[in-house]
Amino acid sequence: GIYAGDQASYDSFALLLEPIIQAYHGFSGDAVHQTDLTPVRLPELDPENKFIRSTRIRVARNLKAFTFPCHMRLEERSRLAGTVLPVFETFSDEFKGHYVSLENGDEKVLERLAEEKILFARGDRFQDAGGFNRDFPKFRGVFFSENRHLRIWINEEDHLRIISQSASSDLAGVFSRLCDVLARLEARIEFCRHPRYGYLNSCPTNIGTGMRASVHICLPALEKQPDLLHRIVTSHNLQVRGTGGEKTRVTDAVFDISNRQRLGITEKSIIETLAAGIRAIIDMEKQIA
Ligand code: ADP
Ligand code: MG
């Protein structure tokens, strides 16, 4: 794997990174990334409420004034938390919420939030090798709205992971809430952006939109035909992860299906691509069940 240590790495190490970026995202040498964070209208994805358990969209964002998390020292992580927390405190209405520190949060509260999967854990061996776990869990934490629809991870793989989530198939609604939160954040915080690559993040797979939109979808019939599932997923430019996230297994036939491409595609197109693919997957699941 490969991670960037700061915003400038994308230019300083372009000889190394550009070919990886082009191959992973299918991004050509003269392409320029475009952003479109405007809400979409979509027909209901799972009107019978039979397949989709939940919908989650996350974006990664890094602040212009700091190096990236694999490179950060304790003092910088502390300063970062001190910069973003007052901004979250300005959130009103449906985004009003609390911050819980992984380091000195109340143990019972942390346990409950871990069960609700609101917290994040120490990084895996790749992140560990990259330096992301340095001083863990100091200045790591999660801000979440009272209704749990918004979660913001602080000092994980990126400075911020902003997550909009709902236990439903309402992809358009989850996206619209995310657009709203991002506009509130951008009014007060300057994020790293590149003239060609869009938003810059630690992992080159996450640059551009920094967005992964996923549904947890139950597919017992397609689980028995992995080649067929793989074919539909790939032909719609989507990817499959396990139920517990990247590098985990699928349990009870619940797949995490999400966009593969995050650069050279707008946020709005990611949502439309996912919706089209999920519709095709549900049709196939019904046909072979
Ligand atoms: P990312 O790096 O995009 O945040 P990961 O694969 O590391 O994603 O997963 C992060 C967490 O989000 C995992 O606990 C995973 O189970 C959860 N998750 C991913 N998609 C969904 C979804 N649609 N509904 C509920 N939880 C999800
Ligand atoms: Mg992850």
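Predicted model: local features only at pLDDT ≥ 70, side-chain atom pairs only at ≥ 80, totals over all residues.
Q: Which residues come nearest to ligand 1?
A: Ser54, Arg58, Arg212, Ser214 and Glu246 come nearest, out of 16 residues around the ligand.

Q: What does the side chain of Arg58 do there?
A: A polar atom of the Arg58 side chain lies 2.6 Å from an oxygen atom of ligand 1.

Q: And Arg56, at what distance is its side chain from a ligand oxygen?
A: An N or O atom of the Arg56 side chain is 2.9 Å from an oxygen atom of ligand 1.

Q: How much of the accessible area of ligand 1 does the protein cover?
A: On its own, ligand 1 has 570 Å² of accessible area, and the protein covers 84% of that.

Q: Which pocket does ligand 1 take up?
A: The largest pocket is the space taken by ligand 1.

Q: Which elements give two or more residues to the shell around ligand 1?
A: Three strands do: β1 (52-61), β5 (160-166) and β8 (211-218).

Q: Now the loops. Where is Thr209?
A: Thr209 is in the loop between β7 (198-199) and β8.

Q: Is Thr209 buried or exposed, and why?
A: Thr209 counts as buried, because its relative accessibility is 0%.

Q: What does the Thr209 side chain reach?
A: The backbone nitrogen of Met211, at 3.1 Å.

Q: And past β8, where is Leu219?
A: Leu219 is in the loop between β8 and α7 (220-223). Leu219 counts as buried too, because its relative accessibility is 0%.

Q: How many residues separate Leu219 from Gln127 in sequence, and what's the distance in space?
A: They are 92 residues apart in sequence. C-alpha to C-alpha, Leu219 and Gln127 are 31 Å apart.

Q: Change of topic. Where does Asp170 sit?
A: In the loop between β5 and α6 (171-186). Asp170 is partly exposed, because its relative accessible area is 38% and the class runs between 20% and 50%.

Q: Which backbone atom does the Asp170 side chain reach?
A: The backbone nitrogen of Gly173, at 3.0 Å.

Q: What about Asp170 and Ile52, how many residues apart in sequence?
A: 118 residues apart in sequence, yet 9.5 Å apart in space, C-alpha to C-alpha.

Q: Where is Asn49, then?
A: Asn49 lies in the loop between α2 (14-25) and β1. Asn49 counts as exposed, because its relative accessibility is 58%.

Q: And what is phi for Ala253?
A: Near 60°, again a positive value in a residue other than glycine. Ala253 is in the loop between β9 (238-241) and β10 (254-259).

Q: Is Ala253 buried or exposed?
A: Ala253 counts as buried, because its relative accessibility is 5% and the cut-off for buried is under 20%.

Note on methods
Residues numbered from 1 in each chain as written. Chains lettered and ligands numbered in written order. Heavy atoms only, no water. Near = heavy atom within 4 Å. Polar contact = N/O pair within 3.5 Å; in protein donor to acceptor, adjacent residues only side chain to side chain. Areas by Shrake-Rupley, 256 points an atom, 1.4 Å probe, with all protein chains shown as cover. 1 Å grid on protein atoms, 1.4 Å probe; cavity = no way out; pocket = protein on both sides within 12 Å on 5 of 7 lines; lining within 4 Å. Sits in = over half its atoms within 2 Å of the grid points. Helix = DSSP H or I, 4+ residues; strand = E, 2+ residues; numbered from the N terminus. Buried < 20%, exposed > 50% of the residue type's maximum accessible area, 1.4 Å probe, protein only.
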